[in-house]
Structures are given as structure tokens and as C-alpha cells.
Amino acid sequence: MRKSSDNKPISHEVWNDLKSTAVKQLNADKKNLYVIDCFAGANEDTRLSIRFIMEVAWQAHFVKNMFIRPSEKELKNFKADFVVLNASKTTNEKWKEHKLNSNVFVAFNLGEKMAVIGGSWYGGEMKKGIFSVMNYILPLKNIAAMHCSANIGKKGDTAIFFGLSGTGKTTLSADPNRALIGDDEHGWDDNGVFNFEGGCYAKTIDLDQEKEPDIYKAIKRDALLENVVVKDGKVDFADVSKTKNTRVSYPIYHIDNIVKPISKGGHPKNVIFLTADAFGVLPPVSKLTKDQTKYHFLNGYTAKVAGTERGITEPIPSFSACFGAAFLLLHPTVYSQELVRKMEEHNSNAYLVNTGWIGGSYGIGKRIDLPSTRKIIDAILDGSINNADFEKLDIFNLNIPKHINGVNANLLNPRNLWEDKEKYDETAKKLAKKFIENFKSFTDNEEGKRLVAAGPQL
Amino acid sequence: MENLLIDLKKIGLDNIGEIYRNASYDKLMKEVIKLILEQLLLIQEFLLDVRLRINISLMRKVPQKIFGGKMK
């Protein structure tokens, strides 16, 4: 396992202890258990058959929402490739002895084809855990595994949207003019793009009926809300007193406009990297060269805002390889090479779209409005962006269009909107330095060294 | 179901109650509601227990106040 990986190796002894803890919890007192047999992956020949075993009914509901359900016939002959034991009610008392970070555990044994969960009630552990397994299995079969959403236009053109949590993957892929393939996890094989999941898991913080009508409408019977606050019988989506990570899971058919009967599409014409740059430095959109595609995919940049306390205005850069480092079980270059190879084979274009701050950093500037971002996405998807003249943005060497239909042209070059141009240059250099620093972890091979030139230059 | 039981036994799950395999949403929802009701009953029992303890504690104080001594 790579040293800088978010996943940490454990010994067989620790695995055995964790497995025993989970089994002991599920096997005690003749308790009732919920078993959900389901699939990850819409393609029959590469899908993973998974058996989830748990003691909490709503977790079974979550799994039912999120994964692909077998037909009656498939259920009859179901043989699990992978088993997940969710013993969320127990914890690992020996965590210090095991040299782990806490008494919560989410452990995988790829040899034994089993995962065990303890101490965490977060539904996402099950979904993202299986995504990690898919990220291990598929690249070995020359299939790209991607942390992205995907949709398809009326002319059959597929687009994929990479991005870390909070950058707009789910929001921007739910487009009334395009059919949704999926909102989070996909594979790309010789036939095109396919969804791993049978449902969506959307953030609900500040959910607004007008801004995100598809997600809002999807919250109906059988949708499952997590960590939201109910006031006077109504959900208050602005209340983040439990956590900012409030969520809803729902089966994909809760979205009106989806690809049926199987969540798959052709080879993507457009690949979009979404980033929420809280420094206000990156342009709302830039077209990437082949090497820039590899560079920005490996760096996987977004930013987190420091908090809402008064006086704290400093954003924190966040880099996550392939826009999903936590789910990568192989070296990030394996994923970037597979993606770019497929993009070259199918003449796909790549764009970097900033859904974050403009006119200044967090605390000074403002977040770009959703309608403008939607217009930018529309211009990428209908190809009209390519009719514009492009200019080069210094330091980051990004190609930015001078005009996009329906978008204030002044927004397109981020430097224009900063009152203090020197401050912009200073902030851009500061962020560029962070990019360069982070990319050093990929320069352990010739390809990585070569790609340094595709990144920002100081 | 027989195969499922064999599979579960292989993992070490041999002391279990009912198994709900790919249960319907309605079934899962009923189980969630059942659990919430059970929790509410537990809270009610707890509160009754607390009230009982408070009552006992008050009763202990009565003789103390009247006779100036402790009740065993």
C-alpha cells in the first residue's frame, strides 16, 4: 500500500480480532439480522455480488436504496463475491493495542473477500467501502473506476463529472435536459460508462427546491434522510447542529430523468473536473490539455473553508488524488493512465470547472452562482465553448474562454473580479506553491517528473 | 434460505433469530418504527424508575424530619 494512502494496512491478527468482534456482536442473543443481497456495477459481466449483513433495519434500507437490486431469479441463484458485516453497535476495545486511531473500524480483507464495520453508524461506510473494492478489482481488468457522476444528452452524448464532496457532482449531473446515469461512482469499459450503484446519496445542507428541484423531488417515501433536524414536523435543511454532512439516499428511479433500464451510456465526449476553489484563484472554466488532464486528475484539488467563526477567513487547500484518494487501493497513476488512455481512444475533452469562490478568497469574494455554472456546463456539453477565443491565465497556465453564452464575460478571468490585482497575484502564487508541493508525491517516476511542466509555474 | 443459513453459519453466525433477506421497504420501515417504540418504552421505564427512586428518597426524608433520625 502506498505510504501516503488514506488507507492503512493491518496485520492478520488485527483483522481476525476485528472480525471476531463483529461476528460476536451480530451473533449474540439470537437477534434478528437483515441480509441484503445486491450488486455493484450495472454490467453483468463485471459486477460484484455483495451480501450485507447487519442488525439495524435502517442500514438495510440504506443498502437497498444504494445498490443494484437482483431480480427474483437472480436472488434465487445468488452467490456472494463479497460479504460485509456491519456491526455498528459494537466498538474495538483493543484499538490502542492494535495501534489504530480510534475504537471505530472499517476493515477490508481482499483475500477473504470480506469487510467488517464497527462503531460507525454512517451509512456511507458501506457504500464507499464497496467503491474501494471496485477501485481495486476493475483497473486490473483495464476498466477505469471513477469517483464521478455521469449523464447523457438527447443526442446520446455522455459526460462525466469528477469532484470531491461538495463540489457539485450530484447537483450538476441532475440536469432536466439530460438523463442521469449515476451521481457518484462509475466504471468505463470498452462499451462506455456504467454506474456502480442503484441509488444516489446527496448532500442536503441548505437544500433548496428551486436550486436543486430533482434532488428535492426525490425526497419522498423510501428516501432515507440522515442526520437532519426536524422542526414542527418539517425537515430544516439549514440546521447543521448534528453535522454539516446531512444526507439523503434514494433509489435512482426517484429521479424522473434517468437512463433506463440499465444505468449506462456510451464513451464520454466530455470529462469535467469540478473543484470548489475557496482561494478565488482558479477560473470558472478552463480547457485542459492532455498533460494538464493528467496533472489535475492526479492532484485532485479542492478547498475547504476554515469554518464559520468570525475572523477566520483563511481557506485550506485539499488535495485528493483522482478526486477520491480515500477509495484508491492501487497507485494513483494506475487510475490516471487508464482514464487518459480511454480519453485519447475516444477523443474526449477535459475541462476544469471551479464551482467555488470568485472576486476574492472565502470571506471576501463570493461563491459563483449556480445558474452561471450551469450555463458553463451547458456550453461544454453543447460544444459552444469551443467557438470562443481563449486566453492564457498566468501562473496556472490555464486556457480560459473569453466568452460563454449567458455568462458575464467579466467572470471568466478570475483576476478581473479582484479589486486588488496584486493581492490576486500573491494568492495565486500561494496556491500554486501548494499545488507544486503536493505534486512532488507523484514525481517518484519519469511520467510524474514530466507532468510537473503541466502544472502551475512560479 | 437454507443456503443462506449455511453461508451465515460458515461466517460464525449460528446463534441468530429471524433473518430478513432483501426485505421490502414496508417491512424495514415497520422494524424501524418497532425499534423506536421499544426505545420509547425503555425511556418510559427509566423515567418511572427514576420517579420511584425519587419517591423512595423523599419517604426516607420524612421520618428524618419528624424524628430527627435516619430510616434504615
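In helix H9 of chain A, the buried residues are Ser372(A), Thr373(A), Ile376(A), Ile377(A), Ala379(A), Ile380(A) and Leu381(A). This is a predicted model. H9(A) covers residues 370–381, which makes 12 residues. From first C-alpha to last, H9(A) reaches 16 Å, close to the 16 Å expected at 1.5 Å a residue.

What lies over those buried residues? The cover includes strand E8 (158–163), helix H5 (169–173), E18, strand E19 (285–288) and strand E22 (349–354), which belong to chain A. After H9(A) comes Gly383(A). The phi of Gly383(A) is positive, near 85°.

An α-helix has 3.6 residues a turn, so residues three or four places apart point the same way. Keep that in mind for the next helix too.

## Helix H1 of chain A

Helix H1 of chain A runs over residues 12–27 and has 16 residues. Its span from first C-alpha to last is 22 Å, close to the 22 Å expected at 1.5 Å a residue. The buried residues of H1(A) are Val14(A), Trp15(A), Leu18(A), Ala22(A), Val23(A), Gln25(A), Leu26(A) and Asn27(A).

What do these buried residues pack against? They pack against E1, E2, E3, E4 and E5 of chain A, together with helix H1 (2–11) of chain B. Asp29(A) follows H1(A), and the phi of Asp29(A) is positive, near 60°.

## A sheet across two chains

Six strands form an open sheet. In what order do they stand? The order is E4(A)-E5(A)-E3(A)-E2(A)-E1(A)-E1(B), with mixed pairing. The edge strands are E4 (105–109) of chain A and E1 (19–21) of chain B, and each pairs on one side only. On average, neighbouring strands of this sheet are turned by 15° against each other, direction ignored.

Look at one pair inside the sheet. Strand E2 (residues 48–54) and strand E3 (residues 82–87) of chain A pair in the parallel sense, over five bridges. Phe52(A) stands opposite Val84(A) in E3(A). Helix H4 (residues 124–137) of chain A lies across strand E1 (33–40), E2, E3, E4 and strand E5 (114–118) of chain A. H4(A) runs at about 150° to E2(A).

## A four-stranded sheet

Chain A also has an open sheet of four strands, in the order E6-E10-E11-E17, with antiparallel pairing. Strand E6 (144–146) and strand E17 (264–265) of chain A have a single partner strand each, so one side of each is left without a neighbour in the sheet.

How many bridges join strand E10 to E11(A)? Four bridges join strand E10 (residues 186–189) of chain A to E11(A), and the two run antiparallel. Gly187(A) stands opposite Phe194(A) in E11(A). Strands of a sheet pair through backbone hydrogen bonds, either parallel or antiparallel.

## Aromatic rings

Over all chains, the count comes to 24 aromatic pairs. Take Phe131(A) and Phe196(A). Their ring centres are 5.9 Å apart and their planes stand at 55°, so the pair is tilted. Phe131(A) lies in helix H4 of chain A, while Phe196(A) lies in the loop between strand E11 (192–195) and strand E12 (199–203) of chain A. The pair therefore ties together parts that are 65 residues apart in sequence. Phe131(A) and Phe196(A) are buried.

Now take Phe273(A) and Phe297(A). Is this pair stacked or tilted? The ring centres are 5.7 Å apart and the planes are at 25°, so the pair is stacked. Phe273(A) lies in strand E18 (residues 268–275) of chain A and Phe297(A) in helix H7 (residues 290–299) of chain A, so the pair ties together parts 24 residues apart in sequence. Phe273(A) is buried, with a relative accessible area of 0%. Phe297(A) is buried, with a relative accessible area of 3%.

Ring pairs also link Phe131(A), Phe194(A), Phe196(A) and Phe327(A) into a cluster.

## Charges over rings

The charged end of Lys64(A) sits over the ring of Tyr25(B), 5.4 Å from its centre. The charged end of Arg247(A) sits over the ring of Tyr201(A), 4.9 Å from its centre.

## Thr293 in helix H7

Thr293(A) has its place in helix H7 of chain A. Why does Thr293(A) count as buried? Its relative accessibility is 4%, and buried means under 20%. Leaving aside neighbours within four places in sequence, Thr293(A) is in contact with Phe273(A), Leu288(A), Val340(A), Met343(A) and Ala350(A).

Definitions and conventions
Residues are numbered from 1 along each chain as its sequence is written. Chains are lettered from A and ligands numbered from 1 in the order in which they are written. This is a predicted model: local features need pLDDT of at least 70, side-chain atom pairs count only at pLDDT 80 or more; totals for chains, interfaces and linings use all residues. Side-chain values use heavy atoms; hydrogens and water are left out. Two strands pair if DSSP finds at least two bridges between them. Axes are lines fitted to C-alpha atoms, for helices over the stretch in contact, and angles run from 0 to 180 degrees between N-to-C directions. Contact means heavy atoms within 4.5 Å. Rings of Phe, Tyr and Trp (its six-membered ring) pair if their centres lie within 6.5 Å; planes under 30 degrees apart count as stacked, over 60 as edge-to-face and the rest as tilted. Buried means under 20% relative accessible area, exposed over 50%, partly exposed in between (1.4 Å probe, protein chains only). A charge sits over a ring if NZ of Lys or CZ of Arg is within 6 Å of the ring centre and within 35 degrees of the ring normal. The expected span of a helix is 1.5 Å times one less than its number of residues.
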